[in-house]
Structure formats: C-alpha cells, structure tokens
Amino acid sequence: MPKITFFNLPEDKKQKLIAAAKQEYSRVPLYEASITNIIKKAGIPRGSFYQYFEDKEDAFFFLLKELTKEYKKNFLLLLKNNNGDLFDTMASFFELIIKEEDNIHFLRNTFLNMTFKIERTFASSFSEIEMNENFQRMSNLINKSTLNVANDKELFHLMQIISSVTFRNFVKIFAQEVTLEEAMNDYMIEMNLLKNGLFRNNGESTSNTK
C-alpha cells in the first residue's frame with residue numbers, strides 16, 4: 001500500500017510516477033524491475049520513491065490493484081448488460097482483456113511470472129477471494145436461475161473454477177503467443193464444457209453406476 005505522501009502528491013506528479021512505474025513493469029517482470037529506471041523516468045530522487053512506496057513490489061501491486069479495480073467495474077457492467085448471464089459475461093470479459101492494447105505488455109509480464117499473491121489480486125476483477133459483502137453484490141447481479149448451484153457457497157466455488165480456467169487461458173495467450181481468434185475459440189470451448197457439464201447422463205441410475 002503506498003504511503004500517505006504518495007496520495008498527497010499533486011495529481012500531475014502522481015500520474016507521472018504511475019506512468020513511469022507502469023512503463024518499467026511493462027518492460028520487464030517485477031523481479032527484474034529497476035527502481036533506478038522508475039525514478040529517472042519520473043524525474044524524482046531515489047529517496048523520494050521510498051517516501052511514496054515501501055519498495056518496488058509495493059509500487060507494482062498498487063498498479064495491479066488499480067487495474068483490477070477498473071476491470072471489476074467493467075465486469076459488473078458486463079454482467080448488467082448480459083442480464084446476469086455469467087458465461088456470456090466471462091466471454092465478453094475475456095475478450096475485453098485480450099484485446100486491450102494499453103496494458104498488454106504489463107499483463108504479459110504479470111501472467112508469465114504469476115505468483116499466488118498476483119493471482120489473488122487479479123482474480124478480484126471477476127471472482128472474490130472470500131464470501132464477503134463484495135461477493136454478495138456480485139452474486140446479486142448473477143442470474144442464478146440458469147446455473148446448477150443451490151446457494152451462494154456453491155456459486156463461490158463455481159467462480160473459483162471459472163477463475164482457474166480463465167487464468168490458464170490468459171497464461172497460454174502470453175506464453176504461446178496464439179492469435180486472438182485461437183485464444184477466444186479455445187476459451188469458449190472450455191467455458192461451454194463447464195456450462196453444459198462434463199458428465200453425460202444416459203438415463204442410468206447413479207446407484208447402478210460402478
């Protein structure tokens with residue numbers, strides 16, 4: 001979390017520092033990032049950087065959290081536009097992310113150097129980490145009548161499954177450099193498998209299944 005001195009900066013200086021940090025984390029992943037490059041681009045002394053952030057990880061996660069806040073707004077808007085259809089919303093959200101050019105290099109470095117902390121942070125764009133008030137707000141927008149879930153606990157676990165599938169597809173895009181069309185087609189295949197179910201019931205009683 002940035003220090004209070006960062007939030008007290010004039011807006012133009014704050015945005016210049018944010019832009020400098022984003023440029024560095026778009027150039028290289030977090031562990032390779034250089035504070036020297038950030039302060040040179042921002043035009044501030046090294047000491048000033050530590051007045052604003054604890055370290056380069058602090059600056060990185062501030063940027064990532066700000067980005068996920070924007071994505072969460074987009075996800076909730078897509079939910080409303082899709083009348084609460086979760087799978088249509090995920091398809092629209094996935095397409096939105098992979099076609100966004102402004103953050104493509106930042107996202108590539110983020111997904112190809114994924115840690116549990118990074119995954120948890122980004123997942124909040126469309127899947128809450130725990131069942132809390134934020135999850136309830138999201139749940140209220142989802143049309144659960146079309147889903148095979150009995151309650152919010154099952155919806156929560158469904159969102160975790162969808163989250164895992166979505167992350168793996170993001171990583172595949174950046175690691176294999178597949179075309180956007182291929183990425184979208186592959187993602188839709190997996191989403192449709194989840195949507196339609198993986199078990200084919202041929203009318204046999206489960207008690208007779210061995």
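What follows is a series of questions and answers on the helices, their packing and the pockets.

Visitor: How many helices and how many strands are there in the chain?
Guide: This is a predicted model, and its C-alpha trace spans about 70 × 35 × 35 Å along the principal axes. Read from the N terminus on, the elements run α-α-α-α-α-α-α-α-α-α-α. The count for the chain is therefore 11 helices and 0 strands.

Visitor: Are α6 and α10 roughly parallel or roughly perpendicular to each other?
Guide: Helix α6 covers residues 86-98 and helix α10 covers residues 152-176, and their axes come within 12 Å of each other while crossing at roughly 25°. Because angles under 35 degrees count as roughly parallel, the orientation of α6 relative to α10 is roughly parallel.

Visitor: What is the handedness of that crossing of α6 and α10, and how many nonpolar residues are in the contact?
Guide: The crossing of α6 and α10 is right-handed. On the α6 side the contact is formed by Leu86, Phe87, Met90, Phe94, Ile97 and Ile98, which meet Leu158, Met159, Ile162, Thr166, Asn169, Phe170 and Ile173 of α10. Sorted by class, the residues of this contact include no charged and 2 polar ones, and the nonpolar ones number 11.

Visitor: Which term describes how α5 and α6 are oriented to each other?
Guide: The axes of α5 and α6 lie 9 Å apart, and the two helices pack at an angle of about 140°. Angles over 145 degrees would count as roughly antiparallel and those from 65 to 115 as roughly perpendicular, so the rest, apart from angles under 35 degrees, fall into another class. The term for α5 and α6 is therefore oblique.

Visitor: Which residues of α6 make the contact with α5?
Guide: In this pair α5 passes α6 in a right-handed crossing. From α5 come Tyr71, Asn74, Phe75, Leu78 and Leu79, and they are met by α6 residues Leu86, Thr89, Met90, Ser92, Phe93, Leu96 and Ile97.

Visitor: And by class, how many charged residues does the contact of α5 with α6 have?
Guide: The contact of α5 with α6 has 9 nonpolar and 3 polar residues. The number of charged residues in the contact of α5 with α6 is none: there are no charged residues.

Visitor: Is α9 roughly parallel or roughly perpendicular to α10?
Guide: Helix α9, residues 133-141, and α10 have axes that come within 11 Å and cross at roughly 90°. Since angles of 65 to 115 degrees count as roughly perpendicular, α9 is, relative to α10, roughly perpendicular.

Visitor: How many charged residues are in the contact of α9 with α10?
Guide: The α9 side consists of Phe135, Gln136, Met138 and Ser139, and the α10 side of Asp152, Leu155, Phe156 and Met159. Divided by class, this contact of α9 with α10 has 5 nonpolar and 2 polar residues, and the charged count is 1.

Visitor: Turning to the pockets, which helix supplies the largest share of the lining of the largest pocket?
Guide: The largest pocket has a volume of about 340 Å³ and is lined by 15 residues, with Phe87, Asn148, Leu158, Leu194 and Lys195 nearest its centre. The lining divides into 7 nonpolar, 5 polar and 3 charged residues. At least two lining residues come from each of α6, α10 and α11 (180-196), and the largest share, 4 residues, comes from α10.

Visitor: Which helix gives the most to the lining of the second largest pocket?
Guide: About 200 Å³ of space lies in the second largest pocket, which is lined by Gln15, Ile18, Lys22, Phe62, Leu63, Glu66, Leu67, Asn103 and Phe106. The elements giving two or more residues to this lining are α2 (11-27) and α5 (56-81). The lining of the second largest pocket divides into 5 nonpolar, 2 polar and 2 charged residues. With 4 residues, the helix that gives the most is α5.

Notes: Residues numbered from 1 in each chain as written. Predicted model: local features only at pLDDT ≥ 70, side-chain atom pairs only at ≥ 80, totals over all residues. Heavy atoms only, no water. Axes fitted to C-alpha atoms, helices over the stretch in contact; angles between N-to-C directions. Left-handed = near helix turned anticlockwise from the far one by under 90°. Contact = heavy atoms within 4.5 Å. Nonpolar A, V, L, I, M, F, W, Y, C, P; charged D, E, K, R; others polar. 1 Å grid on protein atoms, 1.4 Å probe; cavity = no way out; pocket = protein on both sides within 12 Å on 5 of 7 lines; lining within 4 Å. Points joined across faces, edges and corners; volume = space filled by probe spheres on them.
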